Amino acid sequence: MHKVIYDTDPGVDDAMALLFLHRHPEIELLGITTVFGNASVETTTRNALFLKREWNIPAPVSKGASVTIDSSRAERPWPAMVHGDNGLGDIDVPETIDLPLDPRPAHRFIIDTVRAHPGEVRLVAVGRMTNLALALKEDPEIATLAKDVVIMGGNFYVPGNVSPVAEANIHGDPEAADIVMTAPWKVAVIGLDVTAITTMSRSYLGEMAARGDKAVKQLDALSQSYIDFYKHAVEDGMMVHDSCACVYAVAPELFSSISGAVRVVCGGIADGQTIVRRDGRHFPPNGAWDGLPSQVVCTGIESERVLDLIRNTLLAA
């Protein structure tokens with residue numbers, strides 16, 4: 001069993017990934033930690049509680065960061081054109097959900113859970129990396145106690161989606177992402193290099209909904225405006241960014257990768273750009289790169305097999 005903490009900002013594709021984690025037979029979902037990004041942290045936390053209630057997910061929800069780790073950064077408008085005003089495709093979601101939150105802030109929940117299961121906890125982070133960076137700042141030793149970290153974010157050999165060089169999750173808090181990438185734990189980066197070529201059509205999702213239970217039908221409903229948004233890039237479908245990271249956690253053999261030190265540009269016209277120094281390449285001494293851990297950067301994916309695994313998992317209710 002994979003013991004997983006899901007760090008998320010629900011979010012339409014976050015919702016599909018959550019249902020995947022909940023239903024995969026090899027995953028024990030220990031907790032859901034929320035962060036700002038696709039909407040305010042108040043909204044993403046409400047959405048996590050809503051999905052927990054609707055889909056009977058036993059894992060606790062812990063509310064996380066509401067601002068970047070560098071508080072001087074100005075917040076940008078929420079991407080309502082992508083995820084809707086309520087973050088879940090503007091389906092009907094109550095303003096409040098009558099479920100309790102875990103009393104700990106998300107970064108403390110991460111610390112306590114990792115320490116309670118040394119060497120076992122996988123952090124699957126599909127939003128901004130702020131909660132993970134805060135956990136590292138408060139308790140650096142967790143980098144040696146977590147099993148690994150799987151993130152959805154970044155882009156290395158393809159363009160960005162919020163600037164020519166930056167992907168949204170990393171661009172939303174570059175300083176936090178750089179802290180996470182350079183910490184002495186194992187990180188696998190599932191970025192636009194693989195997620196942008198893994199698309200689920202409206203009809204594929206519709207067929208899943210026709211065969212599936214209430215949760216899959218709900219997922220289909222909340223994804224419709226998200227699919228409409230992607231018409232500029234995908235023919236009547238959507239990129240399943242966050243679910244790709246969750247699939248990697250259980251089926252890394254469906255991905256190809258390179259390894260090397262990863263840094264994030266913080267500031268300037270390349271703000272949020274992710275850069276890998278591939279292992280085996282030799283450069284003059286450079287304090288910004290020397291002595292950093294080697295991380296995994298995914299560059300290839302078997303998209304059809306990934307989509308089939310998502311479908312089969314969601315339908316195995």
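Glutamate 26 counts as partly exposed, because its relative accessibility is 40%. Here buried means under 20% relative accessible area, exposed means over 50%, and partly exposed lies in between, with a 1.4 Å probe and protein chains only. The model is predicted, so local features need pLDDT of at least 70, side-chain atom pairs count only at pLDDT 80 or more, and totals for chains, interfaces and linings use all residues. Residues are numbered from 1 along each chain as its sequence is written, and side-chain values use heavy atoms, leaving out hydrogens and water.

Glutamate 26 sits in the loop between helix H1 (12-23) and strand E2 (27-34). Helices (H or I, at least four residues) and strands (E, at least two) are DSSP runs, numbered from the N terminus. Leaving aside residues up to four places away in sequence, glutamate 26 touches Met1 and His2. A contact means heavy atoms within 4.5 Å. Valine 250 is 224 residues from glutamate 26 along the chain, yet their C-alpha atoms are separated by 7.5 Å.

Now step back to the whole chain. Its secondary structure comes to 13 helices and 11 strands. The radius of gyration is 18 Å, close to the 20 Å that the globule rule gives for 317 residues, so the chain is as compact as a globular protein of that length. That radius is taken over C-alpha atoms, and the rule is 2.2 Å times the number of residues to the power 0.38. The C-alpha trace spans about 60 × 45 × 40 Å along its principal axes. Of the 317 residues, 59% are buried. Among contacts with a separation of 6 or more, 80% come from residues 24 or more positions apart.

The surface comes next. The chain exposes about 12700 Å², and carbon and sulfur atoms supply 52% of it. Accessible areas come from the Shrake-Rupley method with a 1.4 Å probe; for residues, only the protein chains shown count as cover. The chain has 27 positive and 41 negative charges, and their mean positions are 3 Å apart. Lys and Arg count as positive, Asp and Glu as negative, while His and the chain ends are not counted. Each charge is placed at NZ of Lys, CZ of Arg, CG of Asp or CD of Glu.

Look next at the sheet. Nine strands form an open sheet with mixed pairing, in the order E3-E2-E1-E4-E5-E6-E11-E9-E10. Strand E3 (61-62) and strand E10 (274-278) are the edge strands, each pairing on one side only. Two strands pair if DSSP finds at least two bridges between them.

Follow the sheet from E4. Strand E4 (residues 121-125) pairs with strand E5 (residues 148-152) in the parallel sense over four bridges. Leucine 123 has valine 149 in E5 as its bridge partner. E5 and E6 also pair in the parallel sense, over four bridges. There, methionine 152 has isoleucine 190 in E6 as its bridge partner. In strand E6 (residues 187-190), Val187 and Val189 point one way, Ala188 and Ile190 the other way, and all are buried. Two bridges then join E6 to strand E11 (residues 295-301), and the two run parallel. Alanine 188 has valine 296 in E11 as its bridge partner.

End at a helix. Arginine 115 is found in helix H4 (residues 106-116). Arginine 115 is partly exposed, with a relative accessible area of 37%. Not counting residues up to four places away in sequence, arginine 115 touches Asp139, Glu141 and Leu145.
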